[in-house]
Amino acid sequence: MHIYDVIVIGGGPCGLAMGVELAKSGMDYLILEKGNLTESIRNYPRRMRFFSTAENIEIGGIPFAISEVKASRNEALQYYRKVAGYYNLNFKLFIDVDRAEKQPDGTFLTYTNDGQIFQSKNVVLATGYFDVPRLLNVPGENLPHVSHYYDEPFKYSFTNVVLVGGSNSSVEAALELYRHDAHVTIVHKEADFRTKVKYWLVPDVKNRVKEGKIHTRFNSVTEAIEPGRMLIRNTETGETEWLPADFVFLLVGYLPDEHLLTRCGVKLDPATKVPTFNTEDFETNIPGLYLCGTVMAGVFTEKVFIENGRDHAAAIADHLAGREIRTVKELIDRI
């Protein structure tokens with residue numbers, strides 16, 4: 001069996017950044033991705049624009065040249081594909097990894113769900129967090145008209161749509177749906193929208209709420225979902241209400257795959273799900289097993305983005321090559 005220097009699990013922006021750094025260092029590596037390249041971005045809402053400016057999500061020193069300041073989903077997909085081609089990155093697509101196990105000889109065996117096995121001296125987990133939605137664990141959550149991912153507005157015109165959540169994904173979807181003739185209600189457990197909502201969206205959504213064009217139920221939680229309706233409860237008054245709901249989007253966030261981390265032997269904090277790792281070189285409690293990008297964030301997914309997660313790749317490559325480790329910038333405090 002061929003023994004790679006590094007197996008990278010995950011082909012998103014941070015996984016690709018890892019591949020670029022390994023290629024620059026002359027290491028023998030392979031990227032395993034369970035979908036296509038940047039599969040998570042492909043599953044973003046079709047008209048989404050990034051919060052970060054284009055230069056802050058560049059990788060590999062390749063300029064991200066676009067006409068706008070912030071990239072769209074489609075532009076990002078094109079950009080990362082071109083970077084992968086420019087560096088001729090070595091990857092296998094549609095390979096779903098089950099686990100990576102350290103062997104007595106110090107190497108790792110990476111097992112896939114279709115029976116393949118890959119051997120390497122080191123492993124980097126760069127699987128992000130978008131694949132695992134936070135669950136409400138309420139009756140009806142798995143009904144066919146309920147989704148944890150918003151795609152595009154045209155399917156939902158002239159229907160009743162309920163969005164659960166008060167941050168960017170919910171606000172962006174609400175505005176787009178309203179502008180495509182959906183009857184929109186936002187249900188959020190807090191008293192107002194989250195403070196981290198993109199600043200340019202806040203006046204837009206609040207004005208639409210004031211005009212009665214987007215409806216809100218703050219301080220409210222979901223109790224049950226049924227075909228055509230959803231039961232909510234006001235946490236201050238205790239009153240319940242059935243909302244008409246032809247479609248429901250539960251946009252309450254996503255989490256890294258803690259089960260994959262655990263299967264690989266990584267220790268997690270029981271409360272926060274933050275894995276054990278060194279904050280300089282990002283090596284876990286398993287020597288030779290590293291974390292790159294948002295996979296290290298636990299429940300604090302707002303702490304790691306492409307713009308600082310991409311730098312983990314350089315630090316990991318430095319550590320593997322025995323070089324002085326480049327410093328990863330901390331999260332920028334957002335307006």
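Reader: Which residues line the largest cavity?

Author: Leu255, Pro256, Glu258, Leu261, Lys273, Gly298 and Val299 do. One caution before we go on: this is a predicted model, where local features need pLDDT of at least 70, side-chain atom pairs count only at pLDDT 80 or more, and totals for chains, interfaces and linings use all residues. Residues are numbered from 1 along each chain as its sequence is written, and side-chain values use heavy atoms, with hydrogens and water left out.

Reader: What counts as a cavity here?

Author: The general idea is that rolling a probe the size of a water molecule over the atoms shows where empty space is left. On a 1 Å grid over the protein atoms alone, a cavity is a set of points where a 1.4 Å probe fits but cannot get out, and lining residues have an atom within 4 Å of a point. Points are joined across faces, edges and corners, and the volume is the space filled by probe spheres set on them.

Reader: How many cavities of 30 Å³ or more are there?

Author: One by this rule, and the largest cavity holds about 50 Å³ of space. Its lining divides into four nonpolar, one polar and two charged residues (Ala, Val, Leu, Ile, Met, Phe, Trp, Tyr, Cys and Pro count as nonpolar, Asp, Glu, Lys and Arg as charged, and the others, Gly among them, as polar).

Reader: Next, the core. Which residues touch the most other members of the largest nonpolar core?

Author: In soluble globular proteins, nonpolar side chains tend to be buried together. A nonpolar core here is a set of buried Ala, Val, Leu, Ile, Met, Phe, Trp, Tyr and Cys residues joined through side-chain atoms within 4.5 Å; buried means under 20% relative accessible area, exposed over 50%, partly exposed in between, with a 1.4 Å probe and protein chains only. The largest core has 88 residues, and Met18, Phe50, Tyr80, Leu163 and Leu177 touch the most other members. A second, separate core has 12 residues, including Val138, Val162, Val187 and Leu243.

Reader: What does Val97 touch?

Author: Contact means heavy atoms within 4.5 Å. Leaving out residues up to four places away in sequence, Val97 touches Ile9, Leu32, Thr110, Tyr111, Thr112, Asn113 and Leu260. Leu260 is 163 residues from Val97 in sequence, yet their C-alpha atoms are 8.5 Å apart. Val97 belongs to strand 6 (residues 97-102), while its contact Thr110 sits in strand 7 (residues 108-112). Helices (H or I, at least four residues) and strands (E, at least two) are DSSP runs, numbered from the N terminus.

Reader: Why does Thr110 count as buried?

Author: Because its relative accessible area is 0%. Val97 is buried too, at 7%.

Reader: Where is Arg208, and is Arg208 buried or exposed?

Author: Arg208 is in helix 5 (residues 202-210), and its 13% relative accessibility makes it buried. Its side chain makes a polar contact of 2.6 Å with that of Asp204. A polar contact is a pair of N or O atoms within 3.5 Å; within protein, one must be able to donate a hydrogen and the other to accept it, and residues adjacent in sequence count only if both atoms are side-chain atoms.

Reader: Which loop holds Phe94?

Author: The one between strand 5 (91-93) and strand 6. Phe94 has a positive phi, near 55 degrees, and is not a glycine. At 54% relative accessibility, Phe94 is exposed. Phe158 also has a positive phi, of about 65 degrees, and is exposed at 69%.

How values were computed. On a 1 Å grid over the protein atoms alone, a cavity is a set of points where a 1.4 Å probe fits but cannot get out, and a pocket is an open set with protein on both sides within 12 Å along at least five of seven lines; lining residues have an atom within 4 Å of a point.
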